Amino acid sequence: MPVSAPNLFSFPKYWAECYGTAPFLPTSREEMDRLGWDTCDVIIVTGDAYVDHPSFGMAVMGRLLEAQGYRVGVIAQPDWRDTTDFMRLGKPNLYFGITAGNMDSLINAYTADLRIRHDDAYTPGGEAGKRPNRAVIVYSQKCKEAWKEVPVVIGGIEASLRRIAQYDYWSDKVRRSVLIDSTADILLYGNAERAIVDLTHRLGAGEPVSSITDLRGTAIITQGTPPGFTELDSSRVDWPGKIDQIPSPYEYVHDQKNVDAEGNITDEPLQGEVEQASETVEPIRIVPMPLRRWEEDLDPAKTCIRLPSFEKVSKDSVLYAHASRVLHQESNPHNARALIQKHGNRHIWVNPPPIPLETDEMDAVFGLPYQRIPHPSYNGQRIPAYDMIKTSVNIMRGCFGGCTFCSITEHEGRIIQSRSQESILREIEEIRDKVPGFTGTISDLGGPTSNMYKLNCKDPEIQASCRRLSCVYPSICPNLKTDHSETTQLYRKARKIEGVHTIAIASGLRYDLAVEDPEYVKELVTHHVGGYLKIAPEHSEQGTLSKMMKPGMGTYERFEKMFYQFSEEAGKKQYLIPYFIAAHPGCEDEDMMNLARWLKEHNFEVDQVQTFYPSPMSLATAMYHSERNPLKKIGYKTEKVYTPKNLEQRRTQKAFLRYHDPENWPRLREALKQMGREDLIGFGTKALVPPPSEGSGARTKSGARTKSGGGSGRAHSASTAKMARGDKRQQALPKSGSQRSKQTSEAGKQGGHRTSSKHRPTSSGSTNGKSRFSRPKNKKR
């Protein structure tokens with residue numbers, strides 16, 4: 001049965017509501033004095049600049065708590081080298097709320113090749129270095145140092161994806177739950193509105209944080225499984241055939257039947273069976289793996305799953321992949337069970353995911369009194385992430401695509417939460433009226449995926465019992481609603497708003513869904529594509545696509561045909577920009593070679609390319625670390641997944657995506673020789689790279705010489721195109737600002753880790769890189 005929750009705004013307001021609404025949440029004692037506050041009830045510490053906008057987590061949480069009657073202050077990008085900044089607003093009455101910001105601090109700081117980034121889109125002036133690595137840990141420890149007795153609550157994307165033991169790409173090891181390393185009192189994961197409102201009201205009523213153990217969407221530290229729970233033991237992958245004795249002081253009994261030493265069901269009691277320890281305290285029952293055939297009969301609210309311990313997963317990558325698989329199977333808030341994982345002599349207890357917000361709750365959250373601009377203390381300094389999203393509108397949350405390399409699902413969930421059309425249209429009008437310098441263009445109506453608005457399971461009962469990791473892979477579930485009519489209607493209404501002349505769609509498009517509704521594709525192509533539309537097939541080869549949980553190229557070609565047909569009917573010259581990932585788990589060099597051949601066949605030359613970025617908790621990261629496939633049952637004898645890990649492997653695969661760049665030709669020649677594909681070295685139409693030069697360079701068909709491996713690649717790209725295909729022109733896409741404020745896409749700048757749009761052009765064709773492509777001449781436009 002679907003699980004419900006109280007309305008987010010049904011709680012009695014806290015007494016401090018008498019202070020009213022603050023123009024901006026205060027960031028200094030002076031601002032508090034002007035508001036008449038002596039103290040703050042909650043202080044939010046964030047790694048981002050404070051922008052009072054619904055795309056920034058600190059603003060959403062702060063304004064939501066303000067609406068509940070609390071006084072909320074913000075400490076943005078504090079100096080973490082001492083405690084001074086953490087004490088600037090005084091001691092909070094209830095707790096510190098810690099977030100690294102809209103992006104994971106390490107993904108924000110390093111590229112997929114572990115090179116240091118030299119900018120930070122969430123900082124005034126784009127300046128790097130304004131937040132520490134592992135910001136949640138650092139900020140939490142500083143708050144504890146400043147005010148030891150004040151509870152610390154951690155949340156946001158960084159904490160959310162590190163709630164259990166997780167593989168850490170930057171140190172190349174499995175790290176403990178961030179809850180332990182940060183010394184925080186409680187962790188909120190996912191979309192945390194329900195958890196933070198409930199938690200704050202309970203703390204405001206005087207309940208100690210240590211007693212708040214049952215909140216959905218939270219993780220806490222315990223001494224073990226609580227009394228009254230049935231524990232399903234999933235701490236191993238290969239159990240023995242015989243069970244001599246259940247390894248627990250309490251046995252599991254089901255209809256007076258047990259399993260004997262041969263594994264058969266019997267009416268006889270097992271050896272070592274004991275009575276309940278007490279009539280007043282219900283004991284813990286532990287169910288070993290071989291008995292789990294009966295687990296569906298258990299009450300999910302009183303059932304937990306024992307994961308392999310931190311000590312085990314840190315030493316055994318197979319157990320790590322198994323734990324990852326279990327966690328992802330327990331992601332549906334309507335049927336998920338609590339998880340428990342031992343860390344030394346303590347245990348991480350992860351309550352089931354939060355119940356998704358209803359439409360009216362989403363509307364109320366996005367309707368809070370945001371100023372929609374950065375805090376005045378920045379004196380008009382440019383904040384690139386704000387520039388990117390200041391005229392965009394988030395229409396939904398969540399993603400049921402289940403792409404293994406993406407962290408959106410792990411953070412926001414698979415159930416789509418949509419706003420009403422009325423709420424969205426009001427926000428467009430508010431942007432028109434409030435955003436300085438508004439030019440009439442809405443830069444995006446979207447979210448994690450632009451065309452999942454209002455798409456959900458047709459049957460709530462089926463949705464409540466479903467454990468599929470994706471609603472669209474390996475094929476679209478017949479129970480999934482694919483009618484885009486509400487999105488189409490929204491677009492039409494938005495275009496009619498006075499003062500708005502352009503509505504762009506810049507969020508990622510799920511084209512395998514779009515092809516199910518040609519009317520939507522026509523609406524999109526005719527009115528909302530400004531020349532270029534980004535889509536992400538990610539790869540051309542089925543073996544790699546199966547590890548990504550992405551559809552085959554046949555679906556891409558169906559969409560491509562629709563796109564160009566409707567563009568021609570609209571009298572527009574518009575082009576698709578496909579995006580691909582190199583070095584994904586399961587991707588062999590031969591797969592990348594075939595993708596490069598596909599690119600050449602379709603006359604694409606891409607400069608802005610993506611290398612797989614192993615982000616915490618994603619299934620692809622579990623593949624990367626364990627070289628096993630967690631999409632299937634894990635065992636020590638299961639087939640290994642080839643994973644390009646060392647820098648040379650990753651660079652070679654990335655080079656195949658940019659086969660046209662002379663800098664990559666020496667590397668590709670060597671790779672092709674090792675693969676026995678020297679036939680792809682030459683000047684023929686099927687060749688990927690020219691042969692090495694005999695003198696100073698390789699001679700092109702026109703007689704010009706280009707130094708093999710020399711130059712920047714940019715200077716030679718046009719002649720490379722002519723040499724390969726005789727193309728007459730190249731088009732460079734204009735540059736744009738930084739990524740959407742969505743790592744929550746929440747979204748980041750992470751190549752293959754799909755949490756924002758930094759490395760992808762918008763639908764108007766802009767990109768922060770130098771993406772160029774050639775359009776095939778054999779397609780009708």
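Predicted model: local features only at pLDDT ≥ 70, side-chain atom pairs only at ≥ 80, totals over all residues.

Reader: Which residue forms a salt bridge with D85?

Author: R88 does, with the closest N and O atoms 3.3 Å apart. A salt bridge here is a side-chain nitrogen of Lys or Arg within 4 Å of a carboxyl oxygen of Asp or Glu. R88 is partly exposed too, at 26% relative accessible area.

Reader: How many salt bridges does the count come to?

Author: The count comes to 38 salt bridges. Among them is the pair R382 and D387, at 2.7 Å from N to O. R382 has a relative accessible area of 46% and is therefore partly exposed; D387 also counts as partly exposed, at 29%.

Reader: What about R131 and D48, buried or exposed?

Author: Both are buried. Their closest N and O atoms are 2.9 Å apart in a salt bridge. This pair links distant parts of the chain, 83 residues apart: R131 is in the loop between α3 (105-109) and α4 (135-146), and D48 is in the loop between β1 (42-46) and α2 (57-67). Helices (H or I, at least four residues) and strands (E, at least two) are DSSP runs numbered from the N terminus.

Reader: Which residues are linked in a network?

Author: R492, R495, E519 and E523 are linked by salt bridges in a network.

Reader: Changing topic, which way do the residues of β9 point?

Author: From β9 (residues 230-233), T230 and L232 point one way, E231 and D233 the other way, and all are buried. In a regular strand the side chains alternate between the two faces of the sheet.

Reader: And which strands are joined to β9?

Author: β9 runs parallel to β12 (residues 285-287), with three bridges between them, and parallel to β13 (residues 303-306), with four bridges. Two strands pair if DSSP finds at least two bridges between them. The bridge partner of L232 in β12 is V287, and in β13 L232 stands opposite I305.

Technical notes:
Residues numbered from 1 in each chain as written. Heavy atoms only, no water. Buried < 20%, exposed > 50% of the residue type's maximum accessible area, 1.4 Å probe, protein only.
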